[in-house]
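Please examine the model shown below together with its sequence. The explanation after it leads from the overall composition to individual residues.

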Amino acid sequence: MMGRDDILVGIGGDGGISDAGTIYPNVGGYLPLIDQGITTVGDCRYRKAVPLEGGGRLDIDTNWGIRRSFLPQGNRRYIPFQQPTTQQVMIDTISAGPTTVILTGSHTNFAIFLMTYPHLKGNVKHIYTMGGGVRSKNPTGCCPKDVTTACTPQQCGDIGNLFSSYSTNPYAEFNIFGDPFAAYQVFHSGIPITLVPLDATNTIPVNEEFFYAFQQHQSTFEAEYCFKSLKMARDTWSDDQFHASYFMWDSFTSGVAISGMRNDKDCLHGNDFAELEYMNITVITSNEPYGIYDGSNPLFDGHAVPKFGLKKGGVHSGHVQTGIVDSFCIIEGSRKGRCEDGYTKEISGLEAVRVRVATKAKSNVDKNSRLDREFFKSFLEVLTLRDNTGRFDITAQFPFYREVLYKPNFVNKSRGKVTIFDMDMSAGDFVSLIYLLKAPVEEIDLKVPIVCDDAVMCLRTIK
């Protein structure tokens, strides 16, 4: 629809990861590395092997829910539509030269790439990622300052957004919690990172002024599509606090990335949309005490030699949160749990990584504008550009469909930084993808969007 058939889309692959931790070529469609095939789907109280059509079985365990699918390789093979796999497009793109990576979902795909092809990471010049919470506070869970009735604070001052898991883990954010071990590999890769955590996204809610300004700026198909997606979210929100609790998570991160690539040479200049500062952080993948194996950690439990060459007694060897209701994480008599899986935590010492962290969305420099954030103005301007516009209205596309390959002519145009965009399947990520496609090619040369499924993250966090 956007006339950019020159951009590849990474898909799954038929490779896998062995029980010993060997990563095979073209691994794709895989569960989080920290799970290695384990994900919780409820409180099962029995164990059985369920036969699957075509062979293989699905093991169900009394403690952890669904543990592992043993599928014949031939039954899970992808058949690409003349497209390379996710891992292959990353290899090809990053091998070709300096590349920027934007991560707005779980880090699994990119972590597998770094673990498998460490000799190529030198070509990755910068990583922008949305996720985590370092110093953030829950913007809607505290009692109002001038409250006149009884009020019990809910998550006030805490870091994460796993609201249904507050009694076990008040620190984690969805994207990092989806695969903490993968995020650890990315953060500790030595590649410069700009993190846009809840600290910053909590300061750019989709307020009523922006919503109604957006409603008046639908002069392109992309703007219309994005506004309708946003309106659908507002109209189906669970309460009347949408404008105070819905934020520009992934879209804001995309804007921070574009500004960084445009004018932040060697990290010496500021960002147009966010205030940034350096912090020493890490990603917590397991909980103390380390080295005590209780059946929760699939990287160590049951293995004479830990997977991926990990160190016994190291930071990855503790208790891994097994679900929303995990007795290990619950502190009796407290509403606040002890588990920190997925926490992007400030620390000092050898485990610390120096990361540039967005702390706040910048205010609009035009004080007369009803849009109070600088990024709001840029977002609407980009979506209404006549360049890089869609070919058909959403409802009218398919009656006019024919198989035509569209490759834009960029002759005599300078190209921005080569970029890979690793997204999940959230509505916000699709809006971010459209925003990146609409941005001038002189600012960003988007080569590959990689799509991973949200399902596993939802299983780990919701069920």
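The model is predicted: local features need pLDDT of at least 70, side-chain atom pairs count only at pLDDT 80 or more, and totals for chains, interfaces and linings use all residues. Residues are numbered from 1 along each chain as its sequence is written, and side-chain values use heavy atoms, with hydrogens and water left out.

The secondary structure of the protein comprises 12 helices and 11 strands; helices (H or I, at least four residues) and strands (E, at least two) are DSSP runs numbered from the N terminus. Of the 463 residues in the protein, 51% are buried, where buried means under 20% relative accessible area, exposed means over 50%, and partly exposed lies in between (1.4 Å probe, protein chains only). The accessible surface comes to about 21700 Å², and carbon and sulfur atoms account for 53% of it; such areas come from the Shrake-Rupley method with a 1.4 Å probe, and for residues only the protein chains shown count as cover. A contact means heavy atoms within 4.5 Å. Among contacts between residues at least 6 apart in sequence, 74% join residues at least 24 apart.

The interior may be considered next. A nonpolar core is a set of buried Ala, Val, Leu, Ile, Met, Phe, Trp, Tyr and Cys residues joined through side-chain atoms within 4.5 Å. The largest such core has 47 residues, of which Phe 210, Phe 214, Met 248, Phe 252 and Phe 379 touch the most other members. At least two residues of this core come from each of several elements, including helix H6 (208–215), helix H7 (221–235), helix H9 (249–263), helix H10 (374–383) and strand E10 (417–423). When residues up to four places away in sequence are not counted, Phe 210 touches Leu 230, Met 248, Leu 371, Phe 376, Phe 379 and Leu 380.

E10 runs parallel to strand E4 (residues 99–103), and four bridges join the two; strands are taken to pair if DSSP finds at least two bridges between them. Within this pairing, Leu 103 stands opposite Asp 422 of E10.

Helix H2 (residues 108–116) is mostly covered, with seven of its nine residues buried. Those buried in H2 are Thr 108, Asn 109, Phe 110, Ala 111, Ile 112, Phe 113 and Leu 114. In helix H1 (residues 86–95) is Ile 91, which counts as buried because its relative accessibility is 15%. Ile 91 touches Phe 113, Tyr 117 and Leu 120, leaving aside residues up to four places away in sequence. Although Ile 91 and Tyr 117 are 26 residues apart along the chain, their C-alpha atoms are separated by 8.2 Å. Phe 174, in helix H3 (residues 174–177), has 29% relative accessibility and therefore counts as partly exposed. Phe 174 and Leu 162 are 12 residues apart in sequence and 6.7 Å apart in space, C-alpha to C-alpha.

The loop between strand E7 (274–283) and strand E8 (344–346) holds Gln 321. With a relative accessible area of 4%, Gln 321 is buried. The side chains of Gln 321 and Thr 168 are joined by a polar contact of 3.2 Å, a polar contact being a pair of N or O atoms within 3.5 Å; within protein, one must be able to donate a hydrogen and the other to accept it, and residues adjacent in sequence count only if both atoms are side-chain atoms. The Gln 321 side chain also reaches the backbone oxygen of Gly 323 at 3.2 Å.

Which cysteines does a disulfide join? Cys 329 is joined to Cys 339, with an S to S distance of 1.9 Å; a disulfide is a pair of cysteine sulfur atoms within 2.5 Å. Both cysteines lie in the loop between E7 and E8, so the pair ties together parts that are 10 residues apart in sequence. The link of Cys 329 and Cys 339 is left-handed, with -75° about the S-S bond, and both residues are buried.
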